[in-house]
Amino acid sequence: MEDTLISLLETLKYPVYRQGSIEENKPYDPTFITFWNRSEDGVSFYDNTDYLVSWLFDVNIYSNDPTLTYSVQRAARDLLKTNGWTITDRGYDAASDEVTHTGRGFSCLYLEQIQ
């Protein structure tokens, strides 16, 4: 499911990284997106096999342009919602390691039916 999330977010034309994976000495991109898999839970079981999996991710947008921080967050939320994801909140501030960048995030959920 991470590959699906990454592929969708990359259509926004900004770099996508796993949260915390940017190299220590690498300068931040002007605008970029991160994600973190908060949980992957079996929801429906039959014969000791899960048939429905709930994936919960945090998606964060960071930018040196505060206007983009908000507009890219809205675009990412709309994109995921259009592609079958449930957006579980309106958003939140995300801490940035760089004074030049602001951060904004949201949580999203995908229910994957296992065949």
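The side chains of Ser-63 and Thr-31 are joined by a polar contact of 2.7 Å, a polar contact being a pair of N or O atoms within 3.5 Å in which, within protein, one must be able to donate a hydrogen and the other to accept it, with residues adjacent in sequence counted only if both atoms are side-chain atoms. The model is predicted, so local features need pLDDT of at least 70 and side-chain atom pairs count only at pLDDT 80 or more, while totals for chains, interfaces and linings use all residues. Residues are numbered from 1 along each chain as its sequence is written, and side-chain values use heavy atoms, with hydrogens and water left out.

Ser-63 belongs to strand β3 (residues 49-63). Ser-63 counts as buried because its relative accessibility is 0%; buried means under 20% relative accessible area and exposed over 50%, with a 1.4 Å probe and protein chains only. Leaving aside residues up to four places away in sequence, Ser-63 touches Pro-30, Thr-31, Leu-68, Thr-69, Thr-100, His-101 and Thr-102, where contact means heavy atoms within 4.5 Å.

Helix α2 comes next. Asp-65 caps the N-terminal end of α2, placing a side-chain oxygen 2.9 Å from the backbone nitrogen of Thr-67. Within α2, Thr-69, Val-72, Gln-73, Ala-76, Arg-77, Leu-79 and Leu-80 are buried. These residues lie on the same side of α2 because they cover an arc of only 165° around the axis. Thr-67 and Thr-82, on the other side, are exposed. After α2 comes Gly-84, with a positive phi near 90°.

Terms used
Helix = DSSP H or I, 4+ residues; strand = E, 2+ residues; numbered from the N terminus. Arc of directions from axis to C-beta.
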